[in-house]
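Visitor: I would like to learn how to read a model like this one. Could you take me through some features, one at a time?

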Amino acid sequence: MPVLTDLLTLTGVALLVFVVAALVQAVTGFGSVLAAVPGLLLVTDPARAVVAATAVSLVLTAGVALRERAYVDRRDSLLLTLTGIIGMPVGLVLLAVADERLLTAGIAVVMLILVLLMAVMPKVGRRGLPVAGIVSGGLLTSTGMNGPPLVMVLIDREPRRYRATLQAVFAGQDLVAVAAFLVLGHIDVEVLLLALGGVAGLPVGWRLGDAVFHRVSPARLRPLVMGTLVVSAAAVLVSSLV
């Protein structure tokens, strides 16, 4: 049955993709969508890939934030979540009307700028939280890639607090974004199948990545995160030119 084969392909690819994506998220605190979307594009279109990746990210980040809630900076996570909601409508408009290649290239440039800022500004401080929240919200609903600005303002914290707070913000923003996608009709059977397969791959990927995370010293975490951002930006830029 071709239909059954297609369904199994969607869920199988998503499962494998999110084993890798969850591993990346566990080690660096972010990047599950950055890692997942290119793989999902093998079996679906960009809009569905973003929606499915965001839905799976909600399951992943909510679970981690709940388990590691003792390390979450609740005040800052709430501020970043609320300001992120302000930026989400702009992202939804961009998702609907913007040229896909130009939008993708713009995201890559923004990521590289953020890496540069992280290099020259080791500690941003709480004053940068509202701006980071707004930018992350716009990026989330347009591309699913809301991590870079949040990483920039949280990376100077103790590693477990950095990762746990980041997951709490992701969970809050993802919840609002998924609700918006649902209301606007972006969630269909194909997206649900991709999300189902993705959720199945999360436990293995997170356990593998978490084991690596606890072996990374605080001094090495920042360079590792910056390197991941640079590689991700390069991959996004290349994809926009292909």
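Visitor: Let me start with one residue. In which helix does Ser57 lie?

Guide: Ser57 lies in helix H3. Keep in mind that this is a predicted model.

Visitor: Is Ser57 buried or exposed?

Guide: Buried means under 20% relative accessible area. Ser57 has a relative accessible area of 6%, so it is buried. Leaving aside neighbours within four places in sequence, Ser57 is in contact with Ser32, Val33, Ala62 and Asp174.

Visitor: Now the charged pairs. What is the general idea?

Guide: Side chains of opposite charge can pair when their charged atoms come close. This structure holds eight salt bridges.

Visitor: Which residue forms a salt bridge with Asp45, and how far apart are the closest N and O atoms?

Guide: The partner of Asp45 is Arg48, and the closest N and O atoms are 2.6 Å apart. Asp45 is partly exposed, at 27% relative accessibility. Arg48 is partly exposed too, with a relative accessible area of 28%.

Visitor: Which parts does the salt bridge of Arg163 and Glu68 tie together?

Guide: First the pair itself: the side chains of Arg163 and Glu68 meet at 2.9 Å, N to O. Arg163 sits in helix H8 (residues 159-183), while Glu68 sits in the loop between helix H3 (46-67) and helix H4 (74-97), so the bridge links parts that are 95 residues apart in sequence. Both Arg163 and Glu68 are buried.

Visitor: What does Arg157 pair with?

Guide: Arg157 forms a salt bridge with Asp76, with the closest N and O atoms 2.7 Å apart. Arg157 is in the loop between helix H7 (147-154) and H8, and Asp76 is in helix H4, so this pair ties together parts that are 81 residues apart in sequence. Arg157 counts as buried at 17% relative accessibility. Asp76 is buried as well, with a relative accessible area of 2%.

Visitor: On to nonpolar packing. How many residues does the largest nonpolar core have?

Guide: The largest nonpolar core has 55 residues. Phe18, Phe30, Leu40, Val151, Tyr162 and Val225 have the most contacts inside it. H3 gives the most to this core, with nine residues.

Visitor: What is Phe30 in contact with, leaving aside its neighbours within four places in sequence?

Guide: Its contacts include Val151, Tyr162 and Val225. Among the others are Leu166, Phe170 and Leu229.

Visitor: How should I describe two packed helices?

Guide: Two packed helices are described by the angle between their axes and the distance between the axes. Take helix H6 (residues 129-143) and H7: their axes come within 7 Å and cross at roughly 160°. Angles over 145 degrees count as roughly antiparallel, so H6 is roughly antiparallel to H7.

Visitor: Is the crossing of H6 and H7 left-handed or right-handed?

Guide: H6 passes H7 in a left-handed crossing. From H6, Leu129, Ala132, Val135, Ser136 and Leu139 make the contact; from H7, Pro149, Leu150 and Val153 do.

Visitor: One more residue, please. Where is the place of Gly138, and what does it touch beyond residues up to four places away in sequence?

Guide: Gly138 is in helix H6. Gly138 is buried, with a relative accessible area of 11%. Gly138 touches Gly87, Met88 and Gly91. Gly138 and Ile85 are 53 residues apart in sequence and 8.3 Å apart in space, C-alpha to C-alpha.

Note on methods:
Residues are numbered from 1 along each chain as its sequence is written. This is a predicted model: local features need pLDDT of at least 70, side-chain atom pairs count only at pLDDT 80 or more; totals for chains, interfaces and linings use all residues. Side-chain values use heavy atoms; hydrogens and water are left out. A salt bridge is a side-chain nitrogen of Lys or Arg within 4 Å of a carboxyl oxygen of Asp or Glu. Buried means under 20% relative accessible area, exposed over 50%, partly exposed in between (1.4 Å probe, protein chains only). Helices (H or I, at least four residues) and strands (E, at least two) are DSSP runs, numbered from the N terminus. A nonpolar core is a set of buried Ala, Val, Leu, Ile, Met, Phe, Trp, Tyr and Cys residues joined through side-chain atoms within 4.5 Å. Contact means heavy atoms within 4.5 Å. Axes are lines fitted to C-alpha atoms, for helices over the stretch in contact, and angles run from 0 to 180 degrees between N-to-C directions. Angles under 35 degrees count as roughly parallel, over 145 as roughly antiparallel, 65 to 115 as roughly perpendicular and the rest as oblique. A crossing is left-handed if the near helix is turned anticlockwise from the far one by less than a right angle, and right-handed if clockwise.
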